[in-house]
Amino acid sequence: DKAALADRYRELQRTVHPDRFANAGDAERRLSMQLAAQANEAYRVLKDPLQRARYLLELSGMPVDDAQSSLDGRFLMQQMELRERLDAARRASDAEQRLRSLATELAAAEKQLVDELAGLFAEGGAEALTKATDASRKLQFFRRLAEELQQHEEDLSQS
């Protein structure tokens, strides 16, 4: 729940913000700065679905190893096809339209994986966490592709 997360973050910041400790001793000011920095980092991680999934997996004793690439062949073929489509869209006369269409498709795929991750974490258990690990790796692939697509869109807009 993004709204609840944002509310809790603001509440924590009000409690630990260094300005509230301007007249406190050195130790309290340092602690306040550390707690504010931790709250900022926690909010940054928890508001991003990929980072949140990886954090939850790590807490569950299943950290994601990016070097391991044991994803199914069908998914990897889909990624190759999407990359080819991105490359073709970049060079097309209607590049903006094709890139927008691909961006919409990628966003839908990311949302599906985020929803899948939510269900897997709610389910719990070793098998669900293993599936969540694979889903987070897939989400990373889509995230990288979306970043490349965004860069191409920015390049087009500057041309």
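Modeller: Buried means under 20% relative accessible area and exposed means over 50%, with partly exposed in between; the model we apply this to is a predicted one.

Colleague: Is Tyr 9 buried, exposed or partly exposed?

Modeller: The relative accessibility of Tyr 9 is 22%. Buried would require a value under 20% and exposed one over 50%, so Tyr 9 counts as partly exposed.

Colleague: Are the rings of Tyr 9 and Tyr 43 stacked or edge-to-face?

Modeller: This is one of three aromatic pairs in the structure. The ring centres of Tyr 9 and Tyr 43 lie 4.1 Å apart and their planes meet at 15 degrees. Planes under 30 degrees apart count as stacked, and therefore the pair of Tyr 9 and Tyr 43 is stacked.

Colleague: How are the rings of Phe 75 and Phe 142 arranged, stacked or edge-to-face?

Modeller: Phe 75 belongs to helix H4 (residues 73–91) and Phe 142 to helix H6 (residues 126–158), so that the pair ties together parts 67 residues apart in sequence. Both Phe 75 and Phe 142 are buried. Their ring centres are 5.7 Å apart and their planes stand at 70 degrees, so the pair is edge-to-face.

Definitions and conventions:
Residues are numbered from 1 along each chain as its sequence is written. This is a predicted model: local features need pLDDT of at least 70, side-chain atom pairs count only at pLDDT 80 or more; totals for chains, interfaces and linings use all residues. Side-chain values use heavy atoms; hydrogens and water are left out. Rings of Phe, Tyr and Trp (its six-membered ring) pair if their centres lie within 6.5 Å; planes under 30 degrees apart count as stacked, over 60 as edge-to-face and the rest as tilted. Buried means under 20% relative accessible area, exposed over 50%, partly exposed in between (1.4 Å probe, protein chains only). Helices (H or I, at least four residues) and strands (E, at least two) are DSSP runs, numbered from the N terminus.
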